[in-house]
Amino acid sequence: SNINFTKFNNYFQRRIKNEPISKIFNSKSFWKYDFFVNSDVLDPRPETELIIERIIELFPFKKKGLKILDMCTGSGCIAISLAKEYPNSDIYATDISLKAIEIAKVNARKLKCENKINFINCDLINQINKFDIVVCNPPYLSNLEYEKTSIEIQKYEPKIALVGSKNGYEFYYRLAEILPRI
């Protein structure tokens, strides 16, 4: 078989510099799908799939038209996976990063559900509405915890998606304030 040695060497050099394989190939698996990722979005973590599993347990009737909000959507993996699981739902996905929203839109187009998701570039939520399901995988590390993460994370993952203020809890306080109203 033919091997493109130039391409192989390029990938190899990037990997030697600790670049994650997902960033080199711009692909990361999550739930049942492969998502486009780059340095503008956090790689979806396997444990985040537990969110999808739990929602399916709590809302087993998939044909029901639910109103779902995914804050801090990043690559869009949660919103898109839920759009695929709940085809009659109205889904809103927000992120403070416009670059992340653009990547999420790329993934929604790729997985043919762009017309099922409203992508909004804002900080958590742009207006108070009522939702059946609210999902959020916010930044959760303290500055100190972030300093202890691997070079792969520090160099190739967006810090804004990981660090939740000095103590890491900022977003949880903010969510506790918002959730009763939505």
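Modeller: Gladly! Let us start with a salt bridge: Glu85 pairs with Lys32, and their closest N and O atoms are 2.8 Å apart. Keep in mind that this is a predicted model.

Colleague: Where in the chain do Glu85 and Lys32 sit?

Modeller: They link distant parts of the chain, 53 residues apart. Glu85 belongs to helix H4, while Lys32 is in the loop between strand S1 (28-30) and S2.

Colleague: Is Glu85 buried or exposed? And what about Lys32, buried or exposed?

Modeller: The general idea is a cut-off: buried means under 20% relative accessible area, and exposed means over 50%. Glu85 counts as buried because its relative accessibility is 6%. Lys32 has a relative accessible area of 55%, so Lys32 is exposed.

Colleague: Which other lysine forms a salt bridge with Glu85?

Modeller: That is Lys62, with the closest N and O atoms 2.4 Å apart. This pair also links distant parts of the chain, as Lys62 is in the loop between H3 and S3, 23 residues from Glu85. Lys62 counts as partly exposed, because its relative accessibility is 29%.

Colleague: How many salt bridges does the structure hold?

Modeller: There are 10. Another one joins Lys23 to Glu157, with 3.4 Å between the closest N and O atoms. Lys23 is in helix H2 (residues 21-25) and Glu157 in the loop between helix H7 (151-156) and helix H8 (170-178), 134 residues apart. Both Lys23 and Glu157 are buried. Together with Asp43 and Arg45, they are linked in a network of salt bridges.

Colleague: Now the nonpolar side. Which residues touch the most other members of the largest nonpolar core?

Modeller: To read a core, look for buried nonpolar residues joined through their side chains. Here the largest one has 26 residues, and Phe35, Ile78, Ile80, Leu82, Ile91, Ile117 and Phe119 touch the most other members. H4 gives the most to this core, with six residues. Beyond its neighbours within four places in sequence, Leu82 is in contact with Ile52, Ile55, Ile68, Ile91 and Val135. Apart from this core lies another, of 10 residues, including Leu124 and Phe131.

Notes:
Residues are numbered from 1 along each chain as its sequence is written. This is a predicted model: local features need pLDDT of at least 70, side-chain atom pairs count only at pLDDT 80 or more; totals for chains, interfaces and linings use all residues. Side-chain values use heavy atoms; hydrogens and water are left out. A nonpolar core is a set of buried Ala, Val, Leu, Ile, Met, Phe, Trp, Tyr and Cys residues joined through side-chain atoms within 4.5 Å. Buried means under 20% relative accessible area, exposed over 50%, partly exposed in between (1.4 Å probe, protein chains only). Helices (H or I, at least four residues) and strands (E, at least two) are DSSP runs, numbered from the N terminus. Contact means heavy atoms within 4.5 Å. A salt bridge is a side-chain nitrogen of Lys or Arg within 4 Å of a carboxyl oxygen of Asp or Glu.
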